[in-house]
2 protein chains.
Amino acid sequence: MKNIKFIIEYDGTEYCGWQIQPNGLSVQQVIEEALLKLTGEEIKIHGSGRTDSGVHAYGQAASFKTQSSIPAEVFSKALNHHLPWDISIIFSCEADKDFHARFSAKGKKYSYEIFNRDIRSPFYETRAFRVPGTLDINSMKRAAEHFYGTHDFRGFMAVKSQVSDTVRTITDISVEKNGDIIEINVSGNGFLYNMVRIIAGTLLECGLGRLAPSDIPNVIFSGKRDEAGPTLPARGLYLVNVFYS
Amino acid sequence: MKNIKFIIEYDGTEYCGWQIQPNGLSVQQVIEEALLKLTGEEIKIHGSGRTDSGVHAYGQAASFKTQSSIPAEVFSKALNHHLPWDISIIFSCEADKDFHARFSAKGKKYSYEIFNRDIRSPFYETRAFRVPGTLDINSMKRAAEHFYGTHDFRGFMAVKSQVSDTVRTITDISVEKNGDIIEINVSGNGFLYNMVRIIAGTLLECGLGRLAPSDIPNVIFSGKRDEAGPTLPARGLYLVNVFYS
């Protein structure tokens, strides 16, 4: 029995998210069906965590056990023949027998892409959130610095979410502008539900001049969802990387 | 009667090209149908030239005459409400009465995108041509320099094409690598049918070591289609800009 690790890219537009759902096609289901075709085994794969419908991934991690004789390193190419164009296994290897993509994860990196142009573009319609007008990038950068470190992020969590420990550590955060694209990169040891999309929405409020960078410590300290910015749409969010020791 | 100029972005994946065709949906047809909805007029628009099925545009130009009272500058936003996600009018203005997007054009800029990675990616599947393995970028850059200037490009034209004057001038050409993307930019006063895709294919032969940069002058001088490289697929080609005086 081999334990295999995958790194997966996907365009989440057409999926109900990573996790198998009763109503709707998930990325996990498509990969499990492809594994059945490739190996003849009914394999359950474990992702590093869920991604919502419309969220994309440059580096989702997953692991599964198999008795297949296919060498771990060629699993990626072999499986891609059975996968649709919008899902690609970009790396596969054999992992330690106790490696588990979710329980072994030490942290994650996400990016949120804002397309800052007055007129829509076919090239970003499903892959970024479009914001017209002028944004104050320096304000967004200064605001981002306040998120560094360990905070109680309960105000940056979807209201319906029920998690008791809402303290998380942001290990890296940056805001970069390249042409019409503003990329917000956030790394941390863990994230609450919708946390990155709410941080991005709060930084956007700063870019629009509705919040000042100096407001951020109080917004975080308040712990109130309605003090933070809006939850930006799923289509701008990318799971970039999952960290393991 | 106003003469209006459009700059148009489109993802060409789902279209049979720019020009109206009896079989298949073209970008031109979709825009003309949207103009009918917006203005009530049956308007014929003139593109700067055709693009093939699957070819994309960041800056196709088009012109048309209308009696509509809609101010020229707001035509773009008004029309975008009637256009699908993969076509966007990014700029509109009133042009001189004798301006014609095709006959007034002085030149064009194209780019060809190569995605240089062993494993396919959902994010480039329809928007670049994927080449695995290692490419010699410096060889591609040195080869590109030989295309500068005025040459008889009859070897860089689709065999079925029937054009008597095959002399064209390349005013700018560059090869740039950014991460996994190799971008070939070519500007010129005019292009033969498939010329950019054959130049890109010839530069790729140099990147693969099958041609040397020093071979290029003889390849051009021979005037033979089979001395040049292959015609790369449409999905990597972008019409970037149309030049007017």
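**Close-ups of helix α4 in chain A**

**View 1. Where α3(A) meets α4(A).** On the α3(A) side, the contact is made by A:Ile137, A:Ser139, A:Met140, A:Ala143 and A:Ala144, and their partners in α4(A) are A:Leu203, A:Cys206 and A:Gly207. Sorted by class, that contact holds 6 nonpolar and 2 polar residues, with no charged ones. Keep in mind that this is a predicted model.

**View 2. How the two helices cross.** The axes of α3(A) and α4(A) sit 7 Å apart, and the helices pack at an angle of about 135 degrees. That angle makes α3(A) oblique to α4(A). As for handedness, the α3(A)/α4(A) crossing is right-handed.

**View 3. Helix α4 of chain A from end to end.** This helix covers residues 195-207, 13 residues in total. From first C-alpha to last it reaches 18 Å, close to the 18 Å expected at 1.5 Å a residue. Just past the end of α4(A) comes A:Gly209, which takes a positive phi of about 80 degrees.

View 4. Of the 13 residues in α4(A), 12 are buried, so the helix is largely enclosed by the rest of the structure. Among the buried ones are A:Met195, A:Val196, A:Ile198, A:Ile199 and A:Leu204, but also A:Arg197 and A:Glu205.

Note on methods: Residues are numbered from 1 along each chain as its sequence is written. Chains are lettered from A and ligands numbered from 1 in the order in which they are written. This is a predicted model: local features need pLDDT of at least 70, side-chain atom pairs count only at pLDDT 80 or more; totals for chains, interfaces and linings use all residues. Helices (H or I, at least four residues) and strands (E, at least two) are DSSP runs, numbered from the N terminus. The expected span of a helix is 1.5 Å times one less than its number of residues. A residue is buried if 20 or more other C-beta atoms lie within 10 Å of its own, exposed if 12 or fewer, and partly exposed in between; C-beta atoms are placed from the backbone. Axes are lines fitted to C-alpha atoms, for helices over the stretch in contact, and angles run from 0 to 180 degrees between N-to-C directions. Angles under 35 degrees count as roughly parallel, over 145 as roughly antiparallel, 65 to 115 as roughly perpendicular and the rest as oblique. A crossing is left-handed if the near helix is turned anticlockwise from the far one by less than a right angle, and right-handed if clockwise. Two residues are in contact if their C-beta atoms, placed from the backbone, lie within 7 Å. Ala, Val, Leu, Ile, Met, Phe, Trp, Tyr, Cys and Pro count as nonpolar, Asp, Glu, Lys and Arg as charged, and the others, Gly among them, as polar.
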